[in-house]
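The entries follow in the order I made them.

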Amino acid sequence: MSRRVGPWLLASLLLTILLLIVGLRVGSFETDYAIIWRALSHYDPTDPVQLVLVQLRLPRLLLALLAGAGLAFSGYLMQAMVNNALADPYLLGTASGASLGAILCFAFLDTLVLGGFYLPPLAALAGALLTTIVVVTLGTQQGQLRPAQLLLAGVAVGALTAAIGSLVTFLAATDAKLSTVIFWAMGSFERAGWNLLPYPAVAVGGALLLFTFLQKDLNVLLLGEERAQALGLNVTRLRWILILTASGLTGCIVALCGPIGFVGLMIPHLTRWLLGVTGRANLLFCALLGGNFMLACDLLARLLYPPAGLPVGLITALFGVPFFVYLLRKKRVAL
């Protein structure tokens with residue numbers, strides 16, 4: 001298969017534009033392309049149709065794009081960190097820790113904004129980072145990461161944090177807070193707004209910029225920990241950078257969108273299948289592909305259950321569970 005990067009990147013960008021335009025049309029009411037163009041080029045806030053397009057639909061689509069990009073990117077980093085095809089933010093417990101941090105905010109804080117900062121992403125980041133550190137510590141033996149031990153630790157710690165999150169939800173102070181937590185836990189982009197978009201935009205953009213300079217180190221790590229060290233790579237430092245970046249991305253996205261699984265598992269595999277294992281544009285393409293996948297899932301969710309739409313986490317699971325089973329059955333994917 002051709003490993004030419006340019007055509008794949010161009011196709012991904014065109015698909016992004018197409019999905020955004022179609023997404024703007026679909027909702028509680030459909031509109032035509034002329035109105036969409038007018039709303040984007042000469043926005044009139046007094047026009048109710050343009051108001052819905054620009055203030056409701058467009059932020060939702062951009063949040064879906066950023067969420068898919070961030071989860072796919074995070075999954076790519078985690079698979080490289082442990083050199084295992086089954087790693088993703090959910091199997092390693094990172095997403096569960098982020099969910100617990102966000103649930104604590106939603107359930108027990110009277111205000112979610114402090115000093116101009118939206119608190120759930122910060123709490124989710126702390127939960128994701130703490131959980132990932134615990135899992136990596138439990139998965140390390142004699143200074144070496146043990147993939148089987150790491151994945152089992154991720155499952156155990158993820159189950160524990162999920163149980164604590166369920167307990168916190170049960171003990172939520174009011175019905176209003178309980179409904180907020182339950183709605184968020186289903187996974188959706190209904191909370192999207194222009195005021196929240198800077199958080200995932202900065203997280204995804206910062207991660208892409210950072211690993212523009214660390215792409216070569218990431219490729220060396222794929223050779224295995226011992227060979228990477230022999231080639232002069234500071235594996236410990238790079239692993240901490242990977243942990244911090246993946247936790248930050250996952251925490252930010254989970255706080256805003258709820259737990260949406262399997263994106264970080266599937267998209268990195270598709271990226272490597274299309275561009276090769278060490279392609280120079282793998283990370284950028286992975287982010288684009290993840291964003292497109294999430295846009296498509298959100299569109300499908302709204303088409304299947306109009307106008308509100310199904311929780312997008314249900315749609316990703318429909319694709320993710322069969323893919324996970326397929327990976328387990330492949331002989332060359334071992335714990």
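**Entry 1: the cavity**

I sorted the lining of the largest cavity by class and got four nonpolar, one polar and two charged residues. The model is a predicted one, and I read every entry here with that in mind. I then wrote down the names: the lining consists of Leu 214, Asp 217, Leu 233, Asn 234, Arg 237, Leu 238 and Ile 241. Two elements give two or more residues each to this lining, helix 8 (198-221) and helix 10 (235-257). Helix 10 has the largest share, with three residues. For the volume of this cavity I noted about 30 Å³. I also looked up how many cavities of 30 Å³ or more there are, and the count is one.

**Entry 2: the second largest pocket**

Next I turned to the second largest pocket, which holds about 420 Å³ of space. It is lined by 21 residues, and those closest to its centre are Arg 60, Glu 190, Arg 302, Pro 307 and Ala 308. By class I found twelve nonpolar, five polar and four charged residues in the lining. Which helix gives the most to this lining? I found that it is helix 3 (residues 48-82), with four residues.

I searched the whole structure for salt bridges and got four. As a reminder to myself, side chains of opposite charge can pair when their charged atoms come close.

I took the pair of Asp 298 and Arg 60 to begin with; the closest N and O atoms of this salt bridge are 2.7 Å apart. Asp 298 sits in helix 12 and Arg 60 in helix 3, so this pair ties together parts that lie 238 residues apart in sequence. Are these two residues buried or exposed? Asp 298 counts as buried because its relative accessibility is 1%, under the 20% cut-off. Arg 60, at 10% relative accessibility, also counts as buried.

Asp 298 has another salt bridge, with Arg 302, at 3.4 Å from N to O. Arg 302 and Asp 298 are four residues apart in helix 12, so about one helical turn separates them. I noted Arg 302 as buried, with a relative accessible area of 6%.

I then checked how these residues are connected. Arg 60, Glu 190, Asp 298 and Arg 302 are linked in a network of salt bridges. Three members of this network, Arg 60, Glu 190 and Arg 302, I had already listed among the residues closest to the centre of the second largest pocket.

**Entry 3: the pair of Glu 225 and Arg 239**

I looked up a further salt bridge, the one between Glu 225 and Arg 239, where the closest N and O atoms are 3.1 Å apart.

**Entry 4: Ala 281**

Where does Ala 281 lie? I placed it in the loop between helix 11 (263-275) and helix 12 (282-304). Its relative accessibility is 12%, so Ala 281 counts as buried. Leaving out residues up to four places away in sequence, I found that Ala 281 touches Val 5, Leu 9 and Leu 275.

**Entry 5: the whole chain**

I finished with the chain as a whole, which has 13 helices and four strands. Its radius of gyration is 20 Å, close to the 20 Å that the globule rule gives for 335 residues, so the chain is as compact as a globular protein of that length. The C-alpha trace spans about 65 × 55 × 40 Å along its principal axes. Buried residues make up 51% of the 335 residues. For contacts between residues at least 6 apart in sequence, I noted that 74% join residues at least 24 apart.

How values were computed:
Residues are numbered from 1 along each chain as its sequence is written. This is a predicted model: local features need pLDDT of at least 70, side-chain atom pairs count only at pLDDT 80 or more; totals for chains, interfaces and linings use all residues. Side-chain values use heavy atoms; hydrogens and water are left out. On a 1 Å grid over the protein atoms alone, a cavity is a set of points where a 1.4 Å probe fits but cannot get out, and a pocket is an open set with protein on both sides within 12 Å along at least five of seven lines; lining residues have an atom within 4 Å of a point. Grid points are joined across faces, edges and corners, and a volume is the space filled by probe spheres set on the points. Ala, Val, Leu, Ile, Met, Phe, Trp, Tyr, Cys and Pro count as nonpolar, Asp, Glu, Lys and Arg as charged, and the others, Gly among them, as polar. Buried means under 20% relative accessible area, exposed over 50%, partly exposed in between (1.4 Å probe, protein chains only). Contact means heavy atoms within 4.5 Å. A salt bridge is a side-chain nitrogen of Lys or Arg within 4 Å of a carboxyl oxygen of Asp or Glu. The radius of gyration is taken over C-alpha atoms; the globule rule is 2.2 Å times the number of residues to the power 0.38.
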